[in-house]
Amino acid sequence: MLNDPPPEKKRSVHPLEDRAEGIRRAAREAQAQEQPAGEGGRQRVMLRIPVAKPNLTYALIAVNVAIFVVMFYILSPDQLNDIYEWGANNKFTVLEQGEFHRLLTAMFMHGSLTHLAFNMLSLYVIGQTVERFFGSIRFALIYFLGGLAGSVLSVLINAPEVNSVGASGAIFAIVGAELVFLYKHRKLFGAMAQQQLRSLIIIIALNLFAGFASNLTNVGVSIDNWGHIGGFIGGASLAWYISPFFLPRAHPDQPGALTIDDVNPLDGQFQNLMIYISGLLAIIIVGVLITR
């Protein structure tokens, strides 16, 4: 998320291509096979993990790009300003005037081509990796509900004169989800998971540092770190309960082979989803009462 429309995005892109490709290689193993591994007669097992096509990731990128094109290349400057006035996230208009739609619309608005490009590249790299393992429904829940958590924290903490736009709160939500997923599967993925966890933590820390540093300058445009933090917390919290959890077991038809089961199906997490949504609503209500 970015404060003050229409801004120039100055946050660095998530350089996760190598990490994402490493994870996708684990998911693309063509077949279960056993290989010798060491003097003790122990064997290393290669597993095929079922993955989904990242169609929603591509759709979200297309929607964001289309909205940007309409706003900046089709609408007049006055119309563009009206769109920002209507949809940007803002403490006063959300909590005092009750324009709660801004919590969602701001996630699809960007302040410049650079802002859009950084966010969409990040969404492409991180989103397709997470969606492949989580599936489209889980991915959608984390993207939108986690993004809303970022928008809520932004309006609660930022000053009334701050306007915030951008998809980065939702992107931080899927970053948080990926971190939780890797942590839960650190034994299954082994050294690769440990390496990717360290990489994610470094990237998160660098982005938050850049965000806080931008707020110390007087350039007129700053990074909405509260939106990022809220998105990360929301995405990680959701993923802790609704993310898939893969366990290997003996293949029922192929002796000596292993298959993977997801032992945490989404249909068993309805109660936790309702608790999360109720918590968001409660925080918004408390924010409204305090502000008024």
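Me: Why are R249 and D261 called a salt bridge?

Reply: In this predicted model, the closest N and O atoms of R249 and D261 are 2.1 Å apart, and because a salt bridge is a side-chain nitrogen of Lys or Arg within 4 Å of a carboxyl oxygen of Asp or Glu, the pair is counted as one. R249 lies in strand 7 (residues 246–250) and D261 in strand 8, 12 residues apart, so that the pair links distant parts of the chain; strands here are DSSP runs of E with at least two residues, helices are runs of H or I with at least four, and both are numbered from the N terminus.

Me: What makes R249 partly exposed?

Reply: The relative accessible area of R249 is 36%, and because buried means under 20%, exposed over 50% and partly exposed in between (1.4 Å probe, protein chains only), R249 is partly exposed. D261, with 26%, is partly exposed as well.

Me: How do you know that D262 and R138 meet in a salt bridge, and which parts does the pair tie together?

Reply: Their side chains come to 3.1 Å, N to O, and meet in a salt bridge. Since D262 lies in strand 8 (residues 258–262) and R138 in helix 7, the pair ties together parts that are 124 residues apart in sequence. D262 counts as partly exposed at 29% relative accessibility, whereas R138, with a relative accessible area of 8%, is buried.

Me: Why is R102 called buried, and what is its partner in a salt bridge?

Reply: R102 has a relative accessible area of 5%, and is therefore buried. Its partner is E99, the closest N and O atoms being 2.7 Å apart, and E99 is partly exposed at 24%. By this rule the count comes to three salt bridges.

Me: What makes the second largest pocket a pocket, and which residues lie nearest its centre?

Reply: On a 1 Å grid over the protein atoms alone, a pocket is an open set of points where a 1.4 Å probe fits, with protein on both sides within 12 Å along at least five of seven lines, and lining residues have an atom within 4 Å of a point. The lining has 13 residues, of which A149, G230, I233, L280 and I283 lie nearest the centre. Helix 12 gives the most to this lining, with five residues.

Me: How were residues numbered and selected?

Reply: Residues are numbered from 1 along each chain as its sequence is written. Local features need pLDDT of at least 70 and side-chain atom pairs count only at pLDDT 80 or more, while totals for chains, interfaces and linings use all residues, and side-chain values use heavy atoms, with hydrogens and water left out.
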